[in-house]
Amino acid sequence: MSTPTAHATLRGVTRIYPSLVHALGPVDLDLRQGEFFSVVGPSGCGKSTLLDVLAGLSAPTSGTIAFEGRPVNGVPDGVGVVFQEDSSFAWLNVQDNVAFGLRRAGMEAAEIKRRVEYALGFMGLRDFATAFPAQLSGGMRQRVCIARTLVMQPRLILLDEPFGALDQQTRLLMGDELLRLWRETGATVMLITHALDEAAMLSDRVGVMSSRPGCFIDLAVTDWPRARDSRIVSDPAFGLLTARLWSSLRAESMKAIGRVA
Amino acid sequence: MRGVALTRLGVIAAFIALLEALCRFGIVKPLTLVAPSRMVGTLIDLIQAGDVGDDAARTAIEVAGAFVLAILLGVSIGAVIHAIPRLRRAVAPVLVSWYAVPSFVFYPLFIALLGLSEAPLIAIGAFSATPAMVVATISGLDRVPRVLRRVARVHRMGFWDTLRHITLPSALPSLFTGVKLAFAYAFIGVIAGEFILSGGGLGYAIAYAYESFETAKMYALMLLVLGVGVAVNAGLHTWEGRLLRRRQR
Ligand SMILES: Nc1ncnc2c1ncn2[C@@H]1O[C@H](COP(=O)(O)OP(=O)(O)OP(=O)(O)O)[C@@H](O)[C@H]1O
Ligand SMILES: [Mg+2]
């Protein structure tokens, strides 16, 4: 029974790979319109698989998924994805990478230029507009991919460990940028991350997944104000939340690396 | 880079100077080898007299035909093999061992099928060059990152758009290697075919000069073949460099 404000819903969703690896679920989840939702879970628990089925990139083995009230069958319009792996186009420079989707959509050149410039500034890539991915660090390439997704102004943004290649300081600042963007666009965000502090700092809700097959074992509501930023890490509530996430996750993480809790 | 280029030029110049000296001082007999300066002189004479134009044009057409055919066939066959894993497992050993087959043994067959004209030469050139293009196409398609195919789907791209914007650019480095090899094999195939049996072309002209003891003419023509081969390869190499320079990881 989805609430009226649910933006995307998953009901009894499982995914079993043809190799008979049961990777996901059953998962029930409502992503609320405009919320910032993070997913944490042990390595290999099925987080990327969850993103795949939610984005319509692969069909669930069982269960149903809906986006904006319509069943998901293929990638719906209005969904943007930033993948875990580097997906920049090696043959295009940074600004052409970022403009890729807009050009395909046939947008007029002036508007493309405006949006690309804004996104480059936003992602701290302005000085690298004409550089090629090969000349950038892994973290910068990931930022190119984020920018390429953001310029499309998706209504649902799915990010799979986008800051994995960044150092802690840059990660905090990029988190701030992401929050700013989320506030400005009103998009719904689902962020997969392995960093508990990142999940705690950015999210309205954090879903904790069990080891494979991944199911949600805890949903933590943060109650942060919408106008928040990385300074929240000094709030005592932040420490409590991180501690709660870790206590939910600790036993599962040990299972994932093959130890008895 | 400039240092390397200079060294390369130096090595070539030294080699030519050595040949020149060997011939000038009579250490090597003129019937065996003529001096490089004479090769160039004879070649210029031949060109001015209009003696090579027809043969060169014929060879150029044959090589171009074989080259284009090999690329079209190679890419199509490679794409089909890549798309059908069962087929790929079945033909993989054939593809790998193709290089061990002296493809000229099929030349008489092509003559029998196509008659003594340009056609069997184009066929033998394409026949030698196609496998390299097939292998390059398969490995190029293997190199399209899975994540980029997924990016294409997120951008809701259809088959042709994915091919144009994702598959081809990703496979390009490998395809280009195939193109360079295909040219080399097509060129060798055509020249060698003309050598064995044909009524015209540079290979034929070289063989003819050899049989009529026109050593200077033979070497001049060999120089021309060498020069064209090197020039085309250098051209392809430069083009490749332009296209791929900026994306090296
Ligand atoms: N295409 C596939 N075929 C078979 N098994 C797969 C496939 N993709 C993933 N798996 C398996 O499914 C499980 C979940 O994979 P998934 O990539 O979703 O995990 P994850 O939580 O994203 O891991 P990580 O934190 O390392 O990114 C893993 O055990 C993985 O080996
Ligand atoms: Mg993953």
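This is a predicted model: local features need pLDDT of at least 70, side-chain atom pairs count only at pLDDT 80 or more; totals for chains, interfaces and linings use all residues.
Local features here need pLDDT of at least 70, side-chain atom pairs count only at pLDDT 80 or more, and totals for chains, interfaces and linings use all residues. Residues are numbered from 1 along each chain as its sequence is written, chains are lettered from A in the order in which they are written, and side-chain values use heavy atoms, without hydrogens and water.

Colleague: Which element gives the largest share of the lining of the largest pocket?

Modeller: The largest pocket holds about 420 Å³ of space. Among its 21 lining residues, the closest to the centre include Val75(B), Thr137(B) and Leu168(B). Two or more residues each come from α3 (53–83), α6 (118–142), α8 (159–196) and α10 (215–244) of chain B. The largest share, eight residues, belongs to α8(B).

Colleague: Against which element do the buried residues of α1(B) pack?

Modeller: Helix α1 (residues 2–24) of chain B has 23 residues and spans 32 Å between its first and last C-alpha, close to the 33 Å expected at 1.5 Å a residue, where the expected span is 1.5 Å times one less than the number of residues. Its buried residues (under 20% relative accessible area, 1.4 Å probe, protein chains only) are Leu19(B), Glu20(B) and Cys23(B). They pack against α2 (36–48) of chain B.

Colleague: Why does Thr42(B) count as buried?

Modeller: Thr42(B) lies in helix α2 of chain B. Leaving aside residues up to four places away in sequence, Thr42(B) touches Ala216(B), Lys217(B) and Ala220(B), contact being heavy atoms within 4.5 Å. Thr42(B) counts as buried because its relative accessibility is 18%.

Definitions and conventions
On a 1 Å grid over the protein atoms alone, a cavity is a set of points where a 1.4 Å probe fits but cannot get out, and a pocket is an open set with protein on both sides within 12 Å along at least five of seven lines; lining residues have an atom within 4 Å of a point. Grid points are joined across faces, edges and corners, and a volume is the space filled by probe spheres set on the points. Helices (H or I, at least four residues) and strands (E, at least two) are DSSP runs, numbered from the N terminus. Buried means under 20% relative accessible area, exposed over 50%, partly exposed in between (1.4 Å probe, protein chains only).
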